[in-house]
Amino acid sequence: MNKRIRKFLTQTVFMKDIKCLFCDCELDKPSRYCVCDKCLSTLPFLTGKVCTYCGEPIKSLATYCLRCKNHIDRGFDRARAMFLYRDQISKSVKDLKFFGKKYLAEYLSDFLYDCYVRENFDDDIVIPAPMSEKSLKNRKFNQAELLCNSFLENGFDVNTTCIVKNKETENQAKLNFKDRQTNLVGAFKVVDKGAVKNKNVLLVDDVFTTGATVSEIAFALKKAGAKRVDVITLCHEMPENTTN
């Protein structure tokens, strides 16, 4: 092959040092998500019928999942996610949160933004789920804030200071469903009510498990005057023994 042609292909087609987030293979063409076609085809996208309220997948003819049908008190108006919390996506979330791989958020944020567009949400302000001072000091960054990157790039008002977590609580991951619903009561406070008053708020977080965290944040936002609170998370974790 002619050296000039080889150089052109190397620089334009075979992009060195740009690798798939999941399998680490070199990408041979531009990718919005920095993911190869093979991995993209196997990602656990959340598709099909979901609960109108919380976005949980349901298989029956019902409109709501069992939890929402049984009137669990939710603060938000509706929640949606791009993926189920499993496989490569769950590993990426853990790598981001617990192993400091912050570069992942740049690409995962694009999935979140595309989910927002797909669901036809219409919000005035974007707020990442806040962390307590102690947790932020230990982790050194808020992954929910990093996941708002694509919203910033697309001109959204992203507010990271109007609400705070002012109460240390037990780690939600260590609690059962019932305890998760009460562990965070009173843990969040809106310190700038003017930022959310009479506005439609988009709350962004990484994983929707039982919805306890985003519900409690939404309650605080509604109390401060927010008109509506929508929730977008990267993943939705399915409850065990679900029968919907």
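The structure contains 11 salt bridges, a salt bridge being a side-chain nitrogen of Lys or Arg within 4 Å of a carboxyl oxygen of Asp or Glu. This is a predicted model, in which local features need pLDDT of at least 70 and side-chain atom pairs count only at pLDDT 80 or more, while totals for chains, interfaces and linings use all residues. Residues are numbered from 1 along each chain as its sequence is written, and side-chain values use heavy atoms, with hydrogens and water left out.

One of the salt bridges joins Arg 32 to Asp 114, with the closest N and O atoms 2.7 Å apart. Arg 32 sits in the loop between helix 1 (3-12) and helix 2 (37-42) and Asp 114 in helix 5, so the pair ties together parts that are 82 residues apart in sequence. Helices (H or I, at least four residues) and strands (E, at least two) are DSSP runs, numbered from the N terminus. Arg 32 is partly exposed, with a relative accessible area of 46%, whereas Asp 114, at 18%, counts as buried. Here buried means under 20% relative accessible area, exposed over 50%, and partly exposed in between (1.4 Å probe, protein chains only).

Another salt bridge links the side chains of Lys 97 and Asp 206 (3.1 Å, N to O). Lys 97 belongs to helix 4 and Asp 206 to strand 5, so this pair ties together parts that are 109 residues apart in sequence. Both Lys 97 and Asp 206 are buried.

Four strands form an open sheet in the order 1-6-5-2, with parallel pairing; two strands pair if DSSP finds at least two bridges between them. Strand 1 and strand 2 (125-128) stand at the edges with a single partner strand each, so one side of each is left without a neighbour in the sheet. From one strand to the next the twist averages 20°. Strand 5 and strand 6 run parallel and are joined by eight bridges. Asn 200 has Arg 228, in strand 6, as its bridge partner.

The largest nonpolar core has 37 residues, and Phe 151 and Leu 234 have the most contacts inside it. Such a core is a set of buried Ala, Val, Leu, Ile, Met, Phe, Trp, Tyr and Cys residues joined through side-chain atoms within 4.5 Å. Strand 1 (78-84), helix 4 (87-98), helix 5 (103-118), strand 5 (200-208) and strand 6 (228-236) each supply at least two residues of this core. Helix 5 gives the largest share, eight residues.

Phe 151 lies in helix 8 (residues 149-153) and is buried at 0% relative accessibility. Beyond its neighbours within four places in sequence, Phe 151 is in contact (heavy atoms within 4.5 Å) with residues including Leu 112, Tyr 116, Val 126 and Leu 202. Leu 234, not counting residues up to four places away in sequence, touches Ala 81, Val 93, Leu 112 and Asp 206, among others.

Conventions. Axes fitted to C-alpha atoms, helices over the stretch in contact; angles between N-to-C directions.
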